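Open your viewer and get ready to select a few residues. We will take the tour one stop at a time.

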Amino acid sequence: PEEVYAELRGCSRIVGALTGRQMQFMRPPGGDYTADVVSIAESVGLATALWTHNTGDWAKPEPTAIAYHATHELGAGDIILMHQGDMKSVLALPMIIERVRARGLQPVPLSRVAVNGAVSKLSPEQAVAQRSRLRLTE
C-alpha cells in the first residue's frame, strides 16, 4: 500500500507540475488492481479508469489493426485504451477518429465521458468484481 500511494502521489504531482492540470484518473497497468489500489487512488483524488476497447498497440501492430481494435463494436461511452511511444499508434489516430465519427459518435477526453455519466463510480469491491468479469489485460 505504501508503494502504491507513493507512486500515485508522485505521478500526480509530476503530471500537475508539467501540465498545470491535476490528474483526475488512474489507469492500472494491465487492469491489474485490488480494492486497496482503488481506495488508495481515491485517497489521492484519483478515480480508477478502465477501458472497453484495447487497441493492443503496445504490441506494435499495424495502424489498421490498432484502428480495428479501437472501433470494432464501439458504442457511446466506450473507452479506448492506447499507449504512447510508437508512431503506429499516432498513424492509427486519423483512422480511429474517422471510424468513430462514421458511427455518429464524437471522440472526447475521458473527463468528458465521466461528466456525462457514462462512467459510473464503483466501490473498490465492485471494481474488483468488474475486473474479474472483464478479465482485463494489457
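**Stop one: a salt bridge**

Select Glu62 and Lys88: their side chains meet in a salt bridge, 3.1 Å from N to O. The term means a side-chain nitrogen of Lys or Arg within 4 Å of a carboxyl oxygen of Asp or Glu. This pair links distant parts of the chain, 26 residues apart: Glu62 sits in the loop between strand 3 (53–54) and helix 3 (63–71), while Lys88 belongs to helix 4 (residues 87–102). Helices (H or I, at least four residues) and strands (E, at least two) are DSSP runs, numbered from the N terminus. The structure holds 1 salt bridge.

What you are viewing is a predicted model, where local features need pLDDT of at least 70 and side-chain atom pairs count only at pLDDT 80 or more, while totals for chains, interfaces and linings use all residues. Residues are numbered from 1 along each chain as its sequence is written, and side-chain values use heavy atoms, leaving out hydrogens and water.

**Stop two: Gln22**

Next, select Gln22, in the loop between helix 1 (2–19) and strand 1 (25–26). Gln22 counts as exposed, at 55% relative accessibility. Which residues does Gln22 touch, leaving aside neighbours within four places in sequence? Show Ser12 and Gly16: both are in contact with Gln22, meaning heavy atoms within 4.5 Å.

Note on methods
Buried < 20%, exposed > 50% of the residue type's maximum accessible area, 1.4 Å probe, protein only.
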